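This briefing concerns how helices pack against one another. Two packed helices are described by the angle between their axes and the distance between the axes.

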Amino acid sequence: MPNVNTEAKIFTCTQSKDLANKIAGAFGVPLGNVITSTYSDGEFQPSYEESIRGTRVFIIGSTHPGPENLMEMLLMLDAAKRASARHITAVLPYFGWARQDRKDKPRVPIAAKLVAKMLEVAGATRIITMDLHADQIQGFFEKPVDHLFASTIFLPYLKSLNLDNLTIASPDMGGSKRAYAYSKALESDVVICYKQRAKANVISHMELIGDVTGKHVVLVDDMVDTAGTLTKAADVMMERGALSVRAICTHPILSGSAYERIENSKLEELIVTDSIPLKQNSSKIKVLSCAELFADVMHNVHYNKSISSKFIM
C-alpha cells in the first residue's frame, strides 16, 4: 500500500481567533473553516465546514473562565473525533482551571485533573500548552503533553533592555523555582516575596526576602489575575529602594480592577503574551506574541522532529 501523508489543518475556538490567525500564518497553512451556531438560550454548536478525515487537526483555544471557553474546546474535540481526524491536538495557550491542582482543604475538587480527563475523553490525542500553573499537571494526562515555556519569548526582550543591577523576583514562594531559572539565565540575583492571604485574591500581609536597594527588579509569574500581588510587590520594592520594577506574566487574565491597579501602580511595565486576548489597552502593558513559538512546535510535532530546544527552562 502507498504511504499515507497526513495533512495538517489548524482550527480555532472563538476566544483565540487573533492568535490562531498568527499561528496559522507562521505555520504556513490557512486557518480552517469553522462555523458556530448559537441557540437563543446560549447553547452553541461548532461545525467543521471542510473534510478533516485522516488529517492531523490542531485546535487552538485557551480555556480561561468563563466555562464556555472550555466547553467550546470540548465540543471542537468531539466533533473532530467523530469526523475521523487521524490525530487531534488541543493547543491550549492558557490551560484554565489550573489553580485547582490539589486539595488544599477538605471537600473541594481537583479541577485541573477533571479538565485533563475531559479533554482526553472528548478526543484529544495530544496536548500543547504553555507555562502551566503547576508543572505536575502534566501528570494528570495519559496522552502526550508538550509543556512550553514563555521564557523563550521573554528572555530576549529582557536582555534587550540592557538593565544594570538586574534582580529577578518571585511574587510568592510557589514561584521561586521559576524565578531562580530566570536568574540563572540572566546571571542575576533573586528576591522572594512572602505573602499571606486573607482569602482568594486578597493579600493581608507581604514581606520581602532579599535586598532590592539600587536594583532594577523584574517580577516573574505564570499569570496575572487581579494584579493585587504584583502591584503590592512593586510598592514594597520601591519603598525598599528599588530603582524600577517590571513584571513578566505569561497569561494576562486581568480580571476585576486589574487594569486600574496596573495604571495606578509603581510598575514600570507589565510584559505579557497574547495567550489570552486583552480586554482593553493599557500604556503600561506590553504584549509579546507566542504565535511563532506555537507554530514552530506544531510544525515539528507534525513532521516528527525534536522540540527540546523550546524547553530552555
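A crossing is left-handed if the near helix is turned anticlockwise from the far one by less than a right angle, and right-handed if clockwise. The model is predicted, so local features need pLDDT of at least 70 and side-chain atom pairs count only at pLDDT 80 or more, while totals for chains, interfaces and linings use all residues. Residues are numbered from 1 along each chain as its sequence is written, and side-chain values use heavy atoms, with hydrogens and water left out.

**Helices α1 and α8**
- The axes of α1 (residues 17-27) and α8 (residues 291-302) come within 8 Å and cross at roughly 50°; helices (H or I, at least four residues) are DSSP runs numbered from the N terminus, and axes are lines fitted to C-alpha atoms over the stretch in contact, with angles from 0 to 180 degrees between N-to-C directions.
- L19, K22, I23, A26 and F27 of α1 meet A291, E292, F294, A295, M298, H299 and H302 of α8 in a contact (heavy atoms within 4.5 Å).
- These residues of α1 and α8 comprise eight nonpolar (Ala, Val, Leu, Ile, Met, Phe, Trp, Tyr, Cys and Pro), two charged (Asp, Glu, Lys and Arg) and two polar (the others, Gly among them).

**Helices α4 and α5**
- The axes of α4 (residues 151-160) and α5 (residues 176-186) come within 11 Å and cross at roughly 45°, which makes α4 oblique to α5.
- The crossing of α4 and α5 is right-handed.
- S151, F154, L155, L158 and K159 of α4 contact Y182, A185 and L186 of α5; the residues of this contact are six nonpolar, one polar and one charged.

Definitions and conventions:
Helices (H or I, at least four residues) and strands (E, at least two) are DSSP runs, numbered from the N terminus. Angles under 35 degrees count as roughly parallel, over 145 as roughly antiparallel, 65 to 115 as roughly perpendicular and the rest as oblique.
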